[in-house]
Amino acid sequence: MGTRNTLADLNNHLFEQLERLNDEELSGEDFEKEVKRSKALQNIGKTIIDNGRLVLDAEKFSDDRLDASSPKPRMLEG
């Protein structure tokens, strides 16, 4: 079974990238590569967070229903 990533892992990756960007010895092409990597991580991170927010909102909606016996949305089944 493969590694399962968590929000804590995402947080660690983002801070590691921040440290790489803060490296004063980076310049020129190497710095540009890190900027591109940062943008990619930002986009992926935002997508992960948005997806998590959607799941959380769906769970809240599910909890607030009057008829708690109706099935949960597929995304929340597991």
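Reader: Which helix gives the largest share of the lining of the largest pocket?

Author: Helix 2 does, with six residues. A helix here is a DSSP run of H or I, at least four residues, numbered from the N terminus.

Reader: Where does this model come from?

Author: This is a predicted model, where local features need pLDDT of at least 70 and side-chain atom pairs count only at pLDDT 80 or more, while totals for chains, interfaces and linings use all residues. Residues are numbered from 1 along each chain as its sequence is written, and side-chain values use heavy atoms, leaving out hydrogens and water.

Reader: Back to the pocket. Which helices supply at least two residues each of its lining?

Author: Helix 1, residues 7-21, and helix 2, residues 28-64.

Reader: Which residues line the largest pocket?

Author: Among them are Asn 5, Asp 9, His 13, Leu 41, Ile 44 and Gly 52. Lining residues have an atom within 4 Å of a pocket point (1 Å grid, 1.4 Å probe, an open set with protein on both sides within 12 Å along at least five of seven lines).

Reader: How many of the lining residues are nonpolar, polar and charged?

Author: Six are nonpolar, five polar and one charged.

Reader: New topic. How many helices and strands does the protein chain have?

Author: Two helices and zero strands.

Reader: What share of the chain is buried?

Author: Buried residues make up 13% of the 78 residues. Buried means under 20% relative accessible area, with a 1.4 Å probe and protein chains only.

Reader: Why does Gln 17 count as buried?

Author: Gln 17 counts as buried because its relative accessibility is 3%. Gln 17 sits in helix 1.

Reader: Which residues does Gln 17 touch, not counting those up to four places away in sequence?

Author: Glu 34, Arg 37, Ser 38 and Leu 41. Touching, or contact, means heavy atoms within 4.5 Å.

Reader: And what polar contact does the side chain of Gln 17 make?

Author: The side chain of Gln 17 pairs with the side chain of Arg 20, at 2.5 Å. A polar contact is two N or O atoms within 3.5 Å, one able to donate a hydrogen and the other to accept it.

Reader: You named Ser 38. Where is Ser 38 found?

Author: Ser 38 is in helix 2. Ser 38 counts as buried because its relative accessibility is 15%. Leaving aside neighbours within four places in sequence, Ser 38 is in contact with Gln 17 and Leu 21.

Key
Ala, Val, Leu, Ile, Met, Phe, Trp, Tyr, Cys and Pro count as nonpolar, Asp, Glu, Lys and Arg as charged, and the others, Gly among them, as polar. Buried means under 20% relative accessible area, exposed over 50%, partly exposed in between (1.4 Å probe, protein chains only).
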